[in-house]
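Here are a few exercises to work through with the coordinates open beside you. Try each task before you read its solution.

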Amino acid sequence: MDMDNYEIFLKVAETGNITRAAQILNYTQSGVSHAIAALEKETGFPVFVRSKTGVALTENAKEILPEIRRIVSMKSGLREKISAINNDVRGVLRVAVFTGMITEYMPRLMRDFQAVYPDVEFDLFNGTYDEICDVLRDGRAGLGFLPEPYCLEFDCIPFAVNSIYAVFSSDHPLAKRKRVSIEECIRYPVISEFKGCEGILDQILGEWKDRADIRYNFYEGSAMLSLVEKGFGVGFVRDTTLRNYAMDISAAELSPKVETRIYAVTKKGEHLTYLARVFRDFACGYSDK
């Protein structure tokens, strides 16, 4: 049993690409291939099917995947327990985040956390809200960040509160307004950045959601703002999104005010590692600084 081979196997399974896994793990490509070959010798069957686009798990490998993930997690847990006893904050922390978290919060968080704890490295999983839920459920990440409608099945701690603004092209009829109502906004086509989390859009639109003409729906803000800038419709964004994109658009606060919340989340009943707990507490006391 070679733990390194198991960890390499998990990374290749996750990325679906040997070269990419080698880059992330700081191995040579031949080193990763050798580890896979060694694991296949140990198991007695192939673990990946190779193609021109990458690799995929064999059916036999899918059966052992949860057990290998559990073994690697146990090793990580032991390492973290030793760190906790020694009050030693070090290691690799895997965090599952949606694109808005990366553009709006994570760079500052990582920079300032590493200034205090320089022996910590981050491994970010960037995915849709559904994908983040999946990696938290199956243990591929111990900590994640999710907006309010998605956090209910997890243990969660409030991280940030965002005000929602309506955005328009500079020549839009509502462009000069400081405050607008949803009723006024839905007279025009709606462009959303909340694809995959329609609960947020429903929360914004409220009683008007069935009357809104939602023309486009994106996973993140830049694509939505580009269409708004060109006059394709009205958008709704978090205040933090506005601060991260310089475009020729106008923004107005919604009246009545609409807020959404982001939470730091973990699997219900899951023991959080010492490193993840230290970072979560740091993050949740940081976002409003």
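Predicted model: local features only at pLDDT ≥ 70, side-chain atom pairs only at ≥ 80, totals over all residues.

**Exercise 1. A serine in a strand**

Find serine 169 and decide: is serine 169 buried or exposed? Then list its contacts.

*Solution.* Start with the location, which is strand β6. The relative accessibility of serine 169 is 4%, and the cut-off for buried is under 20%, so serine 169 counts as buried. Now follow its side chain, which makes a polar contact of 2.9 Å with the side chain of aspartate 171. Last, set aside the neighbours within four places in sequence; serine 169 is then in contact with Ala175, Val228, Glu229 and Gly231.

**Exercise 2. Two aromatic pairs**

Take the pair of tyrosine 105 and phenylalanine 159, then the pair of tyrosine 216 and phenylalanine 232, and describe the geometry and setting of each.

*Solution.* The count comes to 10 aromatic pairs. In one of these, tyrosine 105 and phenylalanine 159 have ring centres 5.0 Å apart and planes at 75°, an edge-to-face arrangement. The two residues are 54 positions apart: tyrosine 105 is in the loop between α5 (99-104) and α6, while phenylalanine 159 is in strand β6. Check the accessibility next. Tyrosine 105 is buried at 5%, and phenylalanine 159 is buried at 4%.

Now for the second pair. Tyrosine 216 and phenylalanine 232 are edge-to-face too, at 6.3 Å centre to centre and 85° between the planes. Tyrosine 216 lies in strand β9 (residues 214-217) and phenylalanine 232 in the loop between α10 (221-229) and β10 (234-238), so this pair ties together parts 16 residues apart in sequence. Here tyrosine 216 is partly exposed at 35%, and phenylalanine 232 is partly exposed at 41%.

**Exercise 3. The nonpolar core**

How many residues does the largest nonpolar core have, and which of them make the most contacts inside it?

*Solution.* The largest nonpolar core has 41 residues, and Met101, Phe113, Phe122, Phe145, Leu146, Phe159 and Phe279 have the most contacts inside it. Then ask where the core comes from. Elements that each supply at least two residues include β3 (91-97), α6 (106-116), β4 (120-126) and α12 (274-284). The most comes from α12, with six residues. To finish, look for linked rings: Phe113, Tyr117, Phe122, Phe279 and Phe282 are joined into a cluster by ring pairs.

**Exercise 4. The whole chain**

What does the secondary structure of the chain come to?

*Solution.* Count 12 helices and 12 strands. Then turn to burial: 46% of the 289 residues count as buried.

Notes:
Residues numbered from 1 in each chain as written. Heavy atoms only, no water. Core = buried A, V, L, I, M, F, W, Y, C linked by side-chain atoms within 4.5 Å. Buried < 20%, exposed > 50% of the residue type's maximum accessible area, 1.4 Å probe, protein only. Helix = DSSP H or I, 4+ residues; strand = E, 2+ residues; numbered from the N terminus. Phe/Tyr/Trp six-rings, centres within 6.5 Å; stacked < 30°, edge-to-face > 60°. Polar contact = N/O pair within 3.5 Å; in protein donor to acceptor, adjacent residues only side chain to side chain. Contact = heavy atoms within 4.5 Å.
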